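Q: Can you walk me through this model? I'd like the overall picture, then some residues.

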Amino acid sequence: MAHILIVDDEAAFAQGIAEYLRIKGHSAAVAETLSDARKQLDQKTPAVVLLDLMLPDGSGLELFDAFEKHPPRKIIIITGHSGVKSIIGAMAGDGVMYMKKPIEPRDLEGILNALGEDATVGDDAEPGTAHFGLLLGDSPVMHALYKAMRQVSVTNSTVLIQGESGTGKELVAEALHRLSGREGRFIPVNCGGLTKDLISSQLFGHEKGSFTGADQRHVGFFERADKGTLFLDEITEMPLEMQTHLLRVLETGKVLRLGSERELPVNSRLLTATNRDPAKAVREGQLREDLYFRLRVFPLVLPPLRERTGDVTLMAERFLADLNAQNGTHKCFSAKALKKLEQHTWPGNVRELKHTVHRAYILSDQEMVEMPERFDEDLPGGIEGLSVGRSIADVERDLIFTTLKHFHGDKNAAATTLGISLKTLYNRLKTYESDQ
């Protein structure tokens, strides 16, 4: 793993980040001044430096002379000033990235992993890496995916991400955003969860008074993602009439708020995803052909977990390690449990694996984690199943309530496991309440 030097005079922030990095297996050192940082650099050259620019004894930029003697593989400038990148410009070179405070640990981990071999190969690391952004996998098909992601991440091309439910399409989109170096935010949007009557306002915004209930101006997703990345998941669920407007935005780089006569330029990169065959969606009239060709400038196809040789054990052990770190435990899989995990076909892909590991962790009273004979046998309650005479609506209702019961009413976990948006789950529950 990487050795990381954190140069920041906010002690609580720096120590918190350092502790998080150590939990994740990295080594970390903290320096609160330029003087301390130079001493740390003399002791050990870090693979990565997290550098604040405003320090008690000068600017963090003064360390760049020291970096020539002890060159880190990557420098991540952390700052509360969004304009710092334009101020520094090309002076720092390709080895510098930027993060704006406050930093979320998950975002930092994603960037460190996305640096790939550059961040992990060092005196204390083994060559090669099984990480890419927030993705984890060391199989040949995943390394082929990582290579394609590296190639397209530095461009502004639209990307269509295809893959079965649970394969990690949003993680791929977020990794592409992190690698792109774009200053703006990563805005994920599930098209299946957008309100049909308000989808234009949600995407493009509206002016005050443009329709009944529009009490104030609303900034849409495209504007929120300005200088960043907009990720539209389940793109085939977008109404056809709205696809026309989306195509116009892609061609002009401008949005028109509802109720406005003036188009606004936006600089947001668009990434889209679907778990369906987009060509089939075009044939069935659910996706415009011209939009399809515009979106698939660079298609990425995510492999299902059953095709990722060796990744099941790797990922299961990582998920278990995370649970151990969160709860202060030291549980591990038995050889029999790992064999069962490898033999399962994983129709729900990585999402199913993660929840299976979590469930087995909770049910294990000992440090040795075992797997049930059937992966679904420990689900509470009983679903009558697909017996003749039952309607699809009844089976769906039972499945939703059983999943909610299993997760003790946690709607976010239930929606993720069911492969639906949280909004869809709420709509279903509201329908069930009105039927009573």
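A short walk through the structure follows.

Q: What kind of model is this, and how are residues numbered?
A: It is a predicted model: local features need pLDDT of at least 70, side-chain atom pairs count only at pLDDT 80 or more, and totals for chains, interfaces and linings use all residues. Residues are numbered from 1 along each chain as its sequence is written, and side-chain values use heavy atoms, with hydrogens and water left out.

Q: How many helices and strands are there in the protein chain?
A: The protein chain has 19 helices and 18 strands. Helices (H or I, at least four residues) and strands (E, at least two) are DSSP runs, numbered from the N terminus.

Q: And how much of the chain counts as buried?
A: 48% of the 436 residues. Buried means under 20% relative accessible area, exposed over 50%, and partly exposed in between (1.4 Å probe, protein chains only).

Q: What about contacts along the sequence?
A: Take contacts between residues at least 6 apart in sequence: 67% of them join residues at least 24 apart. Contact means heavy atoms within 4.5 Å.

Q: Which residues touch the most other members in the largest nonpolar core?
A: Leu-203, Leu-230, Leu-232 and Met-238, out of 30 residues in that core. Two or more core residues come from each of several elements, including strand 11 (186-190), helix 9 (199-204) and strand 12 (229-233). Helix 11 gives the largest share, 5 residues. A nonpolar core is a set of buried Ala, Val, Leu, Ile, Met, Phe, Trp, Tyr and Cys residues joined through side-chain atoms within 4.5 Å.

Q: What does Leu-230 contact, leaving aside neighbours within four places in sequence?
A: Ile-187, Val-189, Phe-221, Phe-222, Ala-225, Arg-269, Leu-270 and Leu-271.

Q: Switching to aromatics. How many pairs are there?
A: The count comes to 4 aromatic pairs. Rings of Phe, Tyr and Trp (its six-membered ring) pair if their centres lie within 6.5 Å; planes under 30 degrees apart count as stacked, over 60 as edge-to-face and the rest as tilted.

Q: Give me an example.
A: The Phe-64 and Phe-67 pair is edge-to-face, because the ring centres are 5.4 Å apart and the planes are at 70 degrees. Both lie in helix 3 (residues 64-69), 3 residues apart, so about one helical turn separates them. Phe-64 is buried at 18% relative accessibility, and Phe-67 is buried at 6%.

Q: And another?
A: Phe-204 and Phe-222 are stacked, because their centres are 5.7 Å apart and their planes are at 20 degrees. This pair links distant parts of the chain: Phe-204 is in helix 9 and Phe-222 in helix 10, 18 residues apart. Phe-204 is buried at 4% relative accessible area, and Phe-222 is buried at 2%.

Q: What sits over the ring of Tyr-361?
A: The charged end of Lys-331, 4.2 Å from the ring centre. That label needs NZ of Lys or CZ of Arg within 6 Å of the ring centre and within 35 degrees of the ring normal.

Q: Now Asn-349. Where is it?
A: Asn-349 is in helix 16 (residues 349-363). Its phi is positive, near 60 degrees, in a residue other than glycine.

Q: Is Asn-349 buried or exposed?
A: Asn-349 is buried, with a relative accessible area of 0%.

Q: What does the side chain of Asn-349 reach?
A: The backbone oxygen of Ser-165 at 3.0 Å, and the backbone nitrogen of Leu-305 at 2.9 Å. A polar contact is a pair of N or O atoms within 3.5 Å; within protein, one must be able to donate a hydrogen and the other to accept it, and residues adjacent in sequence count only if both atoms are side-chain atoms.

Q: Which other residue has a positive phi although it is not a glycine?
A: Lys-227, at about 65 degrees. Lys-227 lies in the loop between helix 10 and strand 12, and is partly exposed at 47% relative accessible area.

Q: Last one. How many disulfides?
A: The search of the whole structure finds 0. A disulfide here is a pair of cysteine sulfur atoms within 2.5 Å. Cys-191 is buried at 4% relative accessibility, whereas Cys-332 is partly exposed at 35%.
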